[in-house]
Amino acid sequence: MSLARAESRRLIKRRFTKLIVLGTLLVLVAVVAGAWVANEKVGPDQIAAAKAGAEQDYQRALQESEAERAKCVAAQGTPDAEKNWPGGCDAAIWTPQPDEFDYRWNIPPTFELRDDFRDMISVFAVVLAAAAFLIGASFVGAEWNSGGMMNLLLWQPQRLRVLGTKLVVFLGWLTTLAVLLGAVWAGLFRLLAENRGTTEKMTSGVWQSFGLMGLRGLGLIVAAGALGFALASLGRHTGMALGVLVAAGALQIGVIIMTQLAGFKYWEVWVLPIWGLAWLSKEYEAIDYNSCNFSSSAGCEPDTYLMTWQTAGIGMAVIVAVIVGASMWTMRKRDIT
């Protein structure tokens, strides 16, 4: 049996892998079910009901305003008048106008595929990235912890080949799973939009944009899997990856506090989750609200910094490459026994 085939079988047969995949599927199903329940198809009946509701809201507000005005007029000449309605009844009491009650506020939530599916791509990528990190860490961490890695090296003594094959096999299966689930995910939300929303304004350009965002999401998933795998290999234990994840979260909180105390203009650019957000969304605009660029036309405008997906991608790629490279180097140099 080839090493790649043996590693594929080991990955697929592991109970932890099955549990994480099952849990991931349940989370994704819950998201789809929640979106289905929360949205509904909007047609002429819903629009008519929304307009009727807006008219009722306007009439109710008008009656309340008139009642308040009557109280104000009756109180003129008393101490309560200046206390409760300073400036007179006309100035102190709001008179509602029909155009202030937009019927669109009363339209029930509906899933607009063009606008809402981008958020669903992000949800999909984050959920699968978390699963990839856990599976990758467990896949190699369990081998080290149980002594299986040493036994494997007796069969295949080439250390880098063994660890590299494990990583490639894992990332290959991870990519396949993500692509298949991604296709199902897109199909489900297309079906949801057709039945509980709208697919209007869906052009080939929009689908291309969704596809590119999905590819960036796939990159995030693969990077998370490789990171979990490499950290667990460095520490020879699954707990190493989980410990680093917790420590990184605590460190990020410290970075946020220190950058704000130090007066950094754009503290967000030092926070790794913001890199992921910029990567998925193509860009992230950091705003320095303590600055002011005044102009007669726009008034006071704060300084901004635009983090692009290219910048975020390079930063994340460097981190993953360094950690994966370190795991390969230690695999080659250190004592395995």
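Let me start with a definition: a residue is called buried under 20% relative accessible area, exposed over 50%, and partly exposed in between, using a 1.4 Å probe and protein chains only. Take Lys201 as our opening example: its relative accessibility is 63%, so Lys201 counts as exposed.

Hi everyone, and thanks for coming. Before we go on, please keep in mind that this is a predicted model, where local features need pLDDT of at least 70, side-chain atom pairs count only at pLDDT 80 or more, and totals for chains, interfaces and linings use all residues. Residues are numbered from 1 along each chain as its sequence is written, and side-chain values use heavy atoms, with hydrogens and water left out.

How confident is the predictor? The score here is pLDDT, the predictor's confidence in each residue, from 0 to 100. The protein averages a pLDDT of 85, and 92% of the residues score at least 70. I will also be naming helices and strands: these are DSSP runs numbered from the N terminus, with helices (H or I) of at least four residues and strands (E) of at least two. Among the elements, helix α2 (residues 15–38) has the highest mean pLDDT, 94, while helix α7 (residues 148–155) has the lowest, 61.

Now back to Lys201. You can find Lys201 in the loop between β2 (197–198) and α9 (204–235). Although Lys201 is not a glycine, its phi is positive, about 65°. Lys282 is another non-glycine with a positive phi, this time about 80°. Where does Lys282 sit? Look in the loop between α11 (272–281) and β3 (283–295). With 46% relative accessibility, Lys282 counts as partly exposed.

That brings us to α11 itself. Ile274, Trp275, Gly276, Ala278, Trp279 and Leu280 in this helix are buried. Helix α11 packs with α9 at an angle of about 150°, and their axes are 8 Å apart. That angle makes α9 roughly antiparallel to α11. For the record, axes are lines fitted to C-alpha atoms, for helices over the stretch in contact, and angles run from 0 to 180 degrees between N-to-C directions. Angles under 35 degrees count as roughly parallel, over 145 as roughly antiparallel, 65 to 115 as roughly perpendicular, and the rest as oblique. Which residues meet between these helices? From α9 we have Met213, Arg216, Gly217 and Leu220, and from α11 Trp279, Leu280 and Ser281.

Next, aromatic rings. Rings of Phe, Tyr and Trp (its six-membered ring) pair if their centres lie within 6.5 Å; planes under 30 degrees apart are stacked, over 60 edge-to-face, and the rest tilted. By this rule there are 13 aromatic pairs.

Phe124 and Trp185 give us a tilted pair, 5.6 Å centre to centre with 35° between the planes. Phe124 lies in helix α6 (residues 113–146) and Trp185 in helix α8 (residues 159–196), so the pair ties together parts 61 residues apart in sequence. Both Phe124 and Trp185 are buried. They also belong to one aromatic cluster, along with Phe111, Phe117, Phe189, Trp207 and Phe210.

Contact means heavy atoms within 4.5 Å. Ser138 lies in helix α6, and at 5% relative accessibility Ser138 counts as buried. Leaving aside neighbours within four places in sequence, what does Ser138 contact? The partners are Arg14, Phe16 and Thr238. Gln252, in helix α10 (residues 238–261), is also buried, with a relative accessible area of 14%. Not counting residues up to four places away in sequence, Gln252 touches Trp270, Val271, Leu272 and Pro273.
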